[in-house]
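Have a look at the model first, then read on.

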Amino acid sequence: MRLAIALFSSTLLLTAANAASPSGADYIRAHGAQGVNLWRLANQDREKDRHISQRPALVVQDNSNIVFKADTEEPNEFPDQWFTQPIDHFADSSDTFKQRYWINTRHYTPGSGGPVIVLDGGETSGEDRIPFLDTGIVEILARATGGVGIVLEHRYYGKSIPVSDFSTDNLRWLNNDQAAADSARFMANVTFPGIDEDLTAPNTPWIYYGGSYAGARAAHMKVLYPDLVYGAIASSGVTHAVLSNWEYYEIIRNAADPTCVGQLEHATLTIDALLGVPYAKRYIKSLFGLEDLAHDDDFVSVLEAPLGYWQAKVWDPAVGSTKFDEFCAFLDKPILEKGSVSSLPVGHEDRLVHLPGGIKLDVSILNYAQYIKENYVSRCDTTVEDCFGTYNDSNFLATGLDQEWRLWLFQVCTEWGYFSTSPPDPAHPRIVSKLLTLEYSSKICRQAYPAGKYFIVPPMPNITAVNALGDFAIAANRLAIIDGEVDPWRPCTPHSDYAANREDTILQPFKIIPNAVHHYDEYGLKNISDEPEEIRKIHGQMIVFVMEWLKAFKAPGSR
C-alpha cells in the first residue's frame, strides 16, 4: 500500500483532539525563549476562557490541570496570611516586603508538641500549592503528627512581590541565598493567627518539604540552617545544577512507549536532514504550518513543545495529564482513512507518503505536523514569526509585573542553568533536533536581561553557587531524598545515574518511586487507602520516618 498526497498544508484533512496546554511555568522550565512565546499563548488562551466564563472562581492549576477549585462564594479555609521580610537579608536596609503564606490547623492541639510541616512554594504562585495543604503531603503529615501545616510562597512569585517591576536591577534579590534566608527568618519569628503558643524553630520541630526546585531548597535548608530545620524532605530535588540539561529528554526517550519513541527519533532525524536541503526546507516547514518562521532553530523548538507533557503526568487522574499519551496516539493514527500501518516498522515503504521533489515521509511525520498545527499554530492570531520567533530582542524586554516568565528564567540565567539541548554526541539517539544547542537555548539570558546599574547577569549561570551546597552527594541526618524513576529531572537529583548509590535508612531515607514522574509523593487523597499501591507505600514510609525523627526531638533548652 502506498499513499500519495500533495504537500499543501491547508488540504491535509487530518483530525485532532484538542490538547490542553501545560502551565506557563512549565513552558519556561523546559523551553527557554520559545517557552516565553508559549507562555504568552497560554496566557492568551486563559484570557479568552476568562471572558467566556459566566461565574468568577478561583482556579488553582498545576501542570495545566485543575487540581483545586474554590467557589469564591464559599468560605475559604485557607485565607492569605502575611509575614514581613527584608528585601535584602545581607545589607543594612530598612526596605521590606510582605511574604504570603497559608496555614492548616485542622490537626493542631495546643501544647501537644506537634511539628510544623512547611512546604516551600517554589517557582510559582503559592496558590498553586494549596491542594497539598488540603489533601496532599502537608495534610498527610500534619494529620499523622498532630502538626500545623504551612505553604510558604517564594519571594517574587504570586503576591510576595518586593519590587515595582521585574527589571534586571530589581531582580537582583531573587537568588538562593535570599530565598533561604526568608524561610529561616520565617521559621524563627512567625506567630500564627489563632495560636497563642510559640511554635517557632528551634523550640518546635519544623519539617521542611519541597518538590523540584523547592525540593533542592528543602535539602539546602537542612544544610544551611540545621539548627532551625529539624527535618527535611527533598522530593525530586534538583540539587545538581547544570548548563546543558540534555538528559531531560533522554529520560523520556527511554521511558516512553517504544513505538512513539521510534517515531519521534525517525521524525527528528528526517526533519533535521530536510532542513539541510534548501528546496526541501520550505516543504517541511509548510507541512507544520510554519513556512514563514525565519529561523530553523525556532522551527524545531516549536516541535519540541509536546514533549513537555511527559512532566505533566500524575498518578491521580483528577489532576494528571494524559496529553503525552494522546500525542503519541496521534502520531500513530491512520491517515486519510487508508487504514492502519502502525504494525509496520517506522520508515517502511508502505508507511511513506510521497511529496513533491521526491520527498518521502513516514505517516507519523504528517500526523506530527497536523498535531503542531492543531494545537500550537492555530492559536496564533498574528504571524508565525511574531508568535514563535525568538530573534527579536525587543519581544523580551518588557519588565512589568505581569511578565511572570522573567522570574524563573532569571534564576536559570544566574544560578541554575538547565538549558534544554540535544545530546552532545551527534551519534546518540535523540528525540529533539540537533539545532537545539546551548547557544540557542541560553540566548534568552542575553536578550531579556540587559545590564542594569546595580546588577549584570553573567555570561553563563554560576551553577557553582548551587552545587557547592552538596550537589549529587548532599546528605544530612533527617534529610530524606525521594525521587521518581521516570522523572525527566531525575538526572539532576541525588538519584541520578551519575550519582553514587547510598543506603536507605530511617535517619537518611533514600527512596525511588517506581514508574513515577515529578514529585509524585506531593499529591494525595483524603483517604490514603484509596491511593495506588506505590503512592500509598511511599506516604506510609514518609509517615514512619517523620514519626521516628520526632521521637528524638528535644528543644534546645531541654537538652
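Phe186 is buried, with 0% relative accessible area (buried means under 20%, exposed over 50%, partly exposed in between, using a 1.4 Å probe and protein chains only). This is a predicted model, where local features need pLDDT of at least 70, side-chain atom pairs count only at pLDDT 80 or more, and totals for chains, interfaces and linings use all residues. Residues are numbered from 1 along each chain as its sequence is written, and side-chain values use heavy atoms, leaving out hydrogens and water.

**Aromatic pairs**
- Searching the whole structure turns up 28 aromatic pairs (Phe, Tyr or Trp rings, the six-membered one for Trp, with centres within 6.5 Å; planes under 30 degrees apart are stacked, over 60 edge-to-face, the rest tilted).
- One of them is Phe186 with Trp206, edge-to-face at 6.1 Å centre to centre and 90° between the planes.
- Phe186 sits in helix H4 (residues 176-189) and Trp206 in strand S8 (residues 206-211), so this pair ties together parts 20 residues apart in sequence (helices, H or I of at least four residues, and strands, E of at least two, are DSSP runs numbered from the N terminus).
- Trp206 is buried too, at 0%.

**Around Trp310**
- Trp310 and Phe324 have ring centres 5.1 Å apart and planes at 85°, so they pair edge-to-face.
- Trp310 counts as buried at 7% relative accessibility, and Phe324 is buried at 1%.
- Both belong to one aromatic cluster, whose members include Phe288, Phe299 and Tyr371.

**Charges over rings**
- Lys313 lies over the face of Trp310, 4.9 Å from the ring centre (NZ of Lys or CZ of Arg must be within 6 Å of the centre and within 35 degrees of the ring normal).
- Lys443 lies over the face of Tyr391, at 4.1 Å from the ring centre.
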